[in-house]
Amino acid sequence: VSGDFYWFHHKDEISHIAVVDCTGHGVPGAMMSMIGNNLLNRAIVEHQLNDPGKILKDMDRSLEEMLKDDAEGLAVNDGMDLSLCMIDHSRNTLEFAAAQSSALIIQGGELRQLQGSKFSIGGFGSSGDKMFKTTSISFNPSDLMYMFSDGYQDQFGGNKGKKFYKKNLIHLIESGSDKTMKQQELTILETFVNWKGNEMQMDDVTVMGIRL
C-alpha cells in the first residue's frame, strides 16, 4: 500500500519509464496509485501515445474528468507528481516530461538536471491551463538517468533533525555515479537509514537509477 510507484512498458525498441508520487498516505494514496497506473496504461498501451508531454496532458485531462464524478471518493484536489521518459533504443534518444518533478542525467561525468512542469497531474487548476513540455536529448550507452519522488529529500534526520534536502540527494547521486548500479543502490539506502536514525519516516521513498 503506497502512494509511490514506478511503471515500465517496452515495445518495438521504445521504452516508457515513470516514477509517480500520489497525494495521500495509506489507502487514499494507494487508490490514487491504482488510478495513475490505469491512466498510464490507457495513454501509452491503449492510445499508443509516445510523446511524454502529450501523455501527461492526456492523463491530466482524464483524471480531471474522473474526479468530477468523485471517483472512488477522492477529492478534487487529489493528484500525482511524476517523471516520465521515453527511450528510443534504436536512435539513442530520450524524451522527458514531468509534472511537479524533475530528473537527473549524467553524461561523460557531467550532471544535468531535467526540469518538468510546475503543474501536477490532477490537483488544483484546469487541465486546459496546463502545459507539459517535452525535453529531447541524445545519449550514449552507459549514460545514467535518475528519477525520484520527494520522500528521500524531505526526510528529517541528522544531528539537527533537519530535512535531507534535494541538493544533498543530487550531490549523493553525482558523487557515486562512477560505481556500479548495485553499489549506488546500497550507498543511497545506507545514507537514508543513517540520516533517518530514530526519526519517523515521513513519506514513501523512491529513487530509480537507469543505465541507458
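Predicted model: local features only at pLDDT ≥ 70, side-chain atom pairs only at ≥ 80, totals over all residues.
Residues are numbered from 1 along each chain as its sequence is written. In this model local features need pLDDT of at least 70, side-chain atom pairs count only at pLDDT 80 or more, totals for chains, interfaces and linings use all residues, and side-chain values use heavy atoms, with hydrogens and water left out.

A nonpolar core is a set of buried Ala, Val, Leu, Ile, Met, Phe, Trp, Tyr and Cys residues joined through side-chain atoms within 4.5 Å; buried means under 20% relative accessible area, exposed over 50%, and partly exposed in between (1.4 Å probe, protein chains only). The largest such core has 23 residues, and Leu-56, Met-59, Met-80 and Ile-121 touch the most other members. Elements giving two or more residues to this core include helix H1 (26-46), helix H2 (52-68) and strand S3 (79-88); helices (H or I, at least four residues) and strands (E, at least two) are DSSP runs, numbered from the N terminus. H1 supplies the largest share, six residues. Another core, of 17 residues, lies apart from it and includes Met-208 and Ile-210.

Met-208 and Ile-210 form the covered face of strand S12 (residues 207-211), while Val-207, Gly-209 and Arg-211 form the uncovered one. S12 runs antiparallel to S9, joined by five bridges; two strands pair if DSSP finds at least two bridges between them. Val-207 in S12 stands opposite Phe-148.

Asp-154 is found in the loop between strand S9 (144-148) and strand S10 (156-157). Asp-154 is partly exposed, at 26% relative accessible area. Beyond its neighbours within four places in sequence, Asp-154 is in contact (heavy atoms within 4.5 Å) with Lys-163 and Met-202.
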